[in-house]
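Hi there,

Here is the structure I promised to pass on.

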Amino acid sequence: MQFDAAIYSRTLFGIMRCSLSIATEDRCAAMDFSLSEEQTLLAESLQRYVQNEYQFETRQQIAATPEGMDKRNWRKFGELGWLGMMFSEADGGYGGSAVDLMVIMEQVGKGLILEPFLSSLVLAGGLIAKAGNDEQKERWLAPMIEGDLIGCFAFAEKQSRFNLHDVSATAQTTASGYALNGSKAVVLGAPNADLIVVSARTSGDVRDAEGVSLFVVTPNAAGVTLTDYVTVDGGRAAEVAFENVELGADALLGEIGAASSVIERVVDEALLAVGAEAVGAMEVLYKATVEYAKQRKQFGVPIGSFQVLQHRMVDMFMAHEQAKSLMYMAAIRLDEDDAAEARKAASAFKVQVGKSGRAVGQGAVQIHGGMGMTDELNIGHYFKRLTVIETLFGNTDHHLKRFASI
């Protein structure tokens with residue numbers, strides 16, 4: 001089956017009466033695709049912060065530090081309320097809608113922000129919010145929203161590829177709780193995390209959907225080993241090994257053996273998050289390329305006057321717009337109750353992000369010429385981030401198959 005974003009995105013125009021605003025009670029009654037006043041102010045405040053305090057030079061200085069992030073920034077984000085926007089009021093947040101997540105992550109992408117919105121809030125925070133009890137939320141989620149605690153999610157294994165159910169790490173019942181054994185690969189944000197949410201098998205075969213459980217582990221616990229490294233896009237990740245790690249009964253999140261559905265839902269939200277981040281990065285790339293084409297001269301005239309480059313930049317613009325259209329679709333579907341449609345929209349969005357990100361990134365680098373690949377210019381760094389996003393939580397081929405199977 002061939003996925004055609006142009007065809008799929010036409011459905012956007014068939015639901016023009018449904019509102020993106022979380023304040024609208026009847027979503028299918030009066031839709032105008034505009035953000036609420038609060039969401040617009042949120043986007044503008046993040047945009048101002050990036051422009052005034054998170055310029056590219058500042059970002060590069062942060063990337064060069066051992067931590068690869070600035071915890072002072074993280075606490076400031078908490079003070080400004082940004083870290084709580086993704087969570088419901090019942091969980092101590094301010095909204096909790098997929099649209100809020102979309103608004104934040106698009107600005108994160110524009111600023112190439114290194115702080116762990118994805119790994120800590122969307123993944124670890126999302127799992128605690130959906131699977132944790134009141135005591136666990138108070139213990140871990142509340143300080144996470146304040147910016148005083150950072151989490152991450154360890155789920156991928158060397159053999160698992162993009163299969164969320166392929167879990168060989170085990171948690172065996174003991175007299176005092178559980179004994180955790182196994183290893184996890186490419187755990188985003190682990191070097192700076194205060195807690196790790198780990199998926200482990202408590203029953204069933206290695207690829208069974210049933211029998212997967214979630215546990216909260218501290219990185220400094222006996223038997224936990226982290227091997228840190230810098231990712232190609234300047235982030236931080238680690239290989240994490242667990243050897244007879246003793247966990248109390250209160251380390252279990254949710255029902256034992258029933259975590260797969262929660263993990264799938266949170267990963268769908270993560271698809272929206274990284275996709276929105278990619279949309280923000282693409283917007284910066286195509287706009288920077290247009291400005292460069294106006295200034296760069298060849299044969300005595302701006303290269304933007306060459307028709308072939310004009311066509312290329314129009315293609316970049318259209319690729320960004322296609323991805324942005326499906327971003328709105330995915331956000332709407334994730335805020336609705338139909339799980340199948342949410343999964344389908346999330347995969348459709350990820351497919352288009354992969355295609356558009358490659359087209360916009362390659363176009364930007366090629367039109368900028370050799371300087372587009374230098375570390376001194378931001379173009380190459382945006383392209384690296386888009387390249388990493390294409391493989392996160394399943395690449396284009398994986399989500400094309402997933403879309404076709406739903």
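First, some ground rules. This is a predicted model, so local features need pLDDT of at least 70 and side-chain atom pairs count only at pLDDT 80 or more, while totals for chains, interfaces and linings use all residues. Residues are numbered from 1 along each chain as its sequence is written, and side-chain values use heavy atoms, with hydrogens and water left out. Helices (H or I, at least four residues) and strands (E, at least two) are DSSP runs, numbered from the N terminus.

**Helix 3**

Let's start with helix 3, residues 37-53. The expected span of a helix is 1.5 Å times one less than its number of residues. For the 17 residues of helix 3 that gives 24 Å, and the end C-alpha atoms are 24 Å apart, which agrees. I call a residue buried under 20% relative accessible area, exposed over 50% and partly exposed in between (1.4 Å probe, protein chains only). On that scale, the buried residues of helix 3 are Gln39, Leu42, Ala43, Ser45, Leu46, Tyr49 and Val50. They cover an arc of only 160° around the axis, which puts them on the same side of helix 3; the arc is that of the directions from the helix axis to the C-beta atoms. Facing away from that buried side are the exposed residues Glu37, Gln51 and Asn52. The cover over the buried residues includes helix 5 (71-79) and helix 6 (98-111), where contact means heavy atoms within 4.5 Å.

**Aromatic rings**

A pair of aromatic rings is described by the distance of the centres and the angle of the planes. Rings of Phe, Tyr and Trp (its six-membered ring) pair if their centres lie within 6.5 Å; planes under 30 degrees apart count as stacked, over 60 as edge-to-face and the rest as tilted. Searching the whole structure turns up ten aromatic pairs. In one of them, the rings of Trp74 and Phe117 have centres 5.3 Å apart and planes at 80°, so the pair is edge-to-face. Because Trp74 lies in helix 5 and Phe117 in helix 7 (residues 117-131), the pair ties together parts that are 43 residues apart in sequence. Both partners are buried: Trp74 has a relative accessible area of 0%, and Phe117 comes out at 1%. Another pair, Phe77 and Trp82, is tilted, with 5.4 Å centre to centre and 35° between the planes. Phe77 is buried at 1% relative accessible area, and Trp82 is buried at 4%. Ring pairs link Tyr49, Trp74, Phe77, Trp82 and Phe117 into a cluster, and Tyr49 is one of the buried residues of helix 3 listed above.

A charge also turns up at a ring: the charged end of Lys344 sits over the ring of Phe403, 5.3 Å from its centre. The test is that NZ of Lys or CZ of Arg is within 6 Å of the ring centre and within 35 degrees of the ring normal.

**Strands**

Two strands pair if DSSP finds at least two bridges between them. Strand 1 (residues 151-154) and strand 4 (residues 195-201) run parallel and are joined by four bridges; Phe153 has Val197 in strand 4 as its bridge partner. Strand 1 is covered on both faces, with Gly151 and Phe153 buried on one side and Cys152 and Ala154 buried on the other.

Strand 6 (residues 224-230) and strand 7 (residues 236-248) run antiparallel, with seven bridges, and Tyr229 is partnered by Ala237 in strand 7. Their hairpin has five residues between the strands, and Gly234 there takes a positive phi near 90°.

**Single residues**

Leu112 is buried, at 4% relative accessible area. Phe299, in the loop between strand 9 (297-298) and strand 10 (301-302), has a positive phi of about 60° and is not a glycine either. Phe299 is exposed, at 75%.

Finally, His320 is found in helix 10 (residues 307-334) and is buried, at 1%. Beyond its neighbours within four places in sequence, His320 is in contact with Val279, Met282, Glu283, Tyr286 and Val360.
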